[in-house]
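Here is a walk through a structure, one piece at a time. Keep the view open and follow along.

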Amino acid sequence: MDGAHDMGGVAWSGPVQPEPNEPVFHAPWERRAFAITLAMAMPGGWNIDMSRFAREDRPPEDYLAKSYYQIWIAGLERLMLESGLIGSEEIAAGKSLHPAKPVARTLTPEAVGAMLHRGGPTEREPTRPSPFAAGQRVRAKNIHPPTHTRLPQYVRGRVGVIERVLGCHVFPDSNASGAGENPQWLYTVTFDGRELWGEASEPGLRVSVDAWEPYLERE
Amino acid sequence: MTEHADHHHHHHHEDHSELSETELRVRALETILTEKGYVDPAALDLLIETYETKVGPRNGARVVARAWADPAFRARLLADATPAIAELGYAGRQGEHIVALENTPRLHNMVVCTLCSCYPWPVLGLPPVWYKSAPYRSKAVKDPRGVLRDFGFELPDGTDIRVWDSTAEIRYLVLPMRPAGTEDWSEQRLTELVTRDSMIGTGLPKRLDEAS
């Protein structure tokens, strides 16, 4: 979707503000927000692409007004409400009012280490050869799906070069909607700065995105 | 230990007046999820402890120092970073597919996630606030030299910048250049020069006189 999360090249922000000796979390509630978000994916059964869409699919003014972990919490609440794991009246009351919905699994302390170490690899066995090869010129499609996508707006319609063939990976556009993994070939596609930003671009700048085959067309 | 233990016991009015709406909301959620048996507070504590004390940029610094000290490891890292990094015991969530990017006198690499906050957790830990912020996510792909000025340094004119936008599940780790004058340094000592920002591409390794 074309939302406020898609920030590449947008001109409305000020300087980057590094924070010396920054703590991992800036408030106790951020710790808990982080942990419940990670832990709830197991009983919730949603995937990372669904989580990303639940965070980004909100009005720009809301996305920009919320801090990072406030967005995480808003996304988590949405997934839990949609799946019926909790009710909005329970959030308002601050306590459980109904019996729990049966869930397949929950995260035990004993399983934390293995869960983190395993992660969620996205590479899958290809079912056909790669249609593109390194060095080939491709154009990022000028598409604007209202659903989840990982093709940033600043490269759409622009011509780049396939730099690396990264294998076949879970396709977020399908996975986010519950339509399955639908693995697709993934490429690092590199764009010249002038192709993205015009003649005033920094000399020598090159920018890449990782783009799945359905985002690309032969140039 | 942890706040979840207090959640159920500190509902005094003065607490509420000091708590933000967000704090109350997160406490309410944790209470509900714990009461329903969806989350185990001990598992939450362990997740937090892991990323506050175990997984962080010290891991990445060990990878970089090994690459500086051991040419065979460096070659493995640049050829296929995920198994090379796993040799040091770092793997898993948000680092399932890692690519290492070599800085040279002619080429400086910088990593961003314009769409959210993708970051190589097993080697760098959780991302800093500025990495997730609108200024960095918007500016890095268009004005990376301006970003570097925000961080207080300039690259030489002859150095090209290559920006990697982490739009898929590939995670990028910059291999900065080994500082001159460290030829006789041990791998252990080299780790002291490796900063987090030098592994994102928004900084350089420490100067020799800055190392402890």
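A:Leu38 sits in helix 1 of chain A. The model is a predicted one. Is A:Leu38 buried or exposed? A:Leu38 is buried, because 23 other C-beta atoms lie within 10 Å, and 20 or more is the mark for a buried residue. Now look along the chain to A:Pro60, 22 residues apart from A:Leu38. The C-alpha atoms of these two residues are separated by 25 Å.

Stay with helix 1 of chain A, which covers residues 28–44. Which way does it lie against helix 4, residues 68–82 of chain A? The two axes come within 10 Å and cross at roughly 30°. Helix 1 of chain A is therefore roughly parallel to helix 4 of chain A, since angles under 35 degrees count as roughly parallel. The crossing of helix 1 and helix 4 of chain A is left-handed. Which residues make the contact? From helix 1 of chain A come A:Glu30, A:Ala33, A:Phe34, A:Ile36, A:Thr37, A:Met40 and A:Gly44. Helix 4 of chain A answers with A:Tyr69, A:Trp72, A:Ile73, A:Leu76, A:Leu79 and A:Met80. By type, the residues of this contact between helix 1 and helix 4 of chain A are 10 nonpolar, 2 polar and 1 charged.

Step back to the whole of chain A. It has 8 helices and 6 strands. Along the sequence they follow the pattern α-α-α-α-α-α-β-β-β-α-β-α-β-β. The C-alpha trace of chain A spans about 60 × 45 × 35 Å along its principal axes. Of the 219 residues in chain A, 37% are buried.

One loop residue of chain A has a backbone angle to look at. A:Asn182 lies between helix 7 (172–175) and strand 4 (184–192) of chain A. Its phi is positive, about 40°, although A:Asn182 is not a glycine. A:Asn182 counts as partly exposed because it has 14 C-beta neighbours inside 10 Å.

Next comes the meeting of the two chains. How many residues of chain A are in contact with chain B? The answer is 69 residues of chain A, against 66 residues of chain B. Several elements of chain A give two or more residues to this side: helix 1, helix 4, helix 5 (88–93), helix 6 (109–118), strand 3 (159–169) and strand 5 (206–212). Helix 1 of chain A gives the most, with 12 residues. The side of chain A that touches chain B divides into 37 nonpolar, 18 polar and 14 charged residues.

Strands also pair across the two chains. Strand 5 of chain A is joined by 4 bridges to strand 3 of chain B, residues 160–165. These two strands run parallel.

Buried residues make up 50% of the 212 residues in chain B. For contacts in chain B between residues at least 6 apart in sequence, 70% join residues at least 24 apart.

Find strand 4 of chain B, residues 170–175. This strand is mostly covered, with 6 of its 6 residues buried. Which residues point which way from strand 4 of chain B? B:Ile170, B:Tyr172 and B:Val174 point one way, while B:Arg171, B:Leu173 and B:Leu175 point the other way. All of them are buried. Strand 4 of chain B pairs with strand 1 of chain B, residues 97–102, in the parallel sense over 6 bridges. In that pairing, B:Arg171 of strand 4 is the bridge partner of B:Ile98.

End at the loop between helix 7 (81–86) and strand 1 of chain B, where B:Gln94 is found. B:Gln94 has a positive phi of about 60°, although it is not a glycine. Is B:Gln94 buried or exposed? B:Gln94 counts as buried because it has 23 C-beta neighbours inside 10 Å.

Terms used. Residues numbered from 1 in each chain as written. Chains lettered and ligands numbered in written order. Predicted model: local features only at pLDDT ≥ 70, side-chain atom pairs only at ≥ 80, totals over all residues. Axes fitted to C-alpha atoms, helices over the stretch in contact; angles between N-to-C directions. Parallel < 35°, antiparallel > 145°, perpendicular 65-115°, else oblique. Left-handed = near helix turned anticlockwise from the far one by under 90°. Contact = placed C-beta atoms within 7 Å. Nonpolar A, V, L, I, M, F, W, Y, C, P; charged D, E, K, R; others polar. Pairing = 2+ DSSP bridges. Buried ≥ 20, exposed ≤ 12 C-beta atoms within 10 Å, placed from the backbone.
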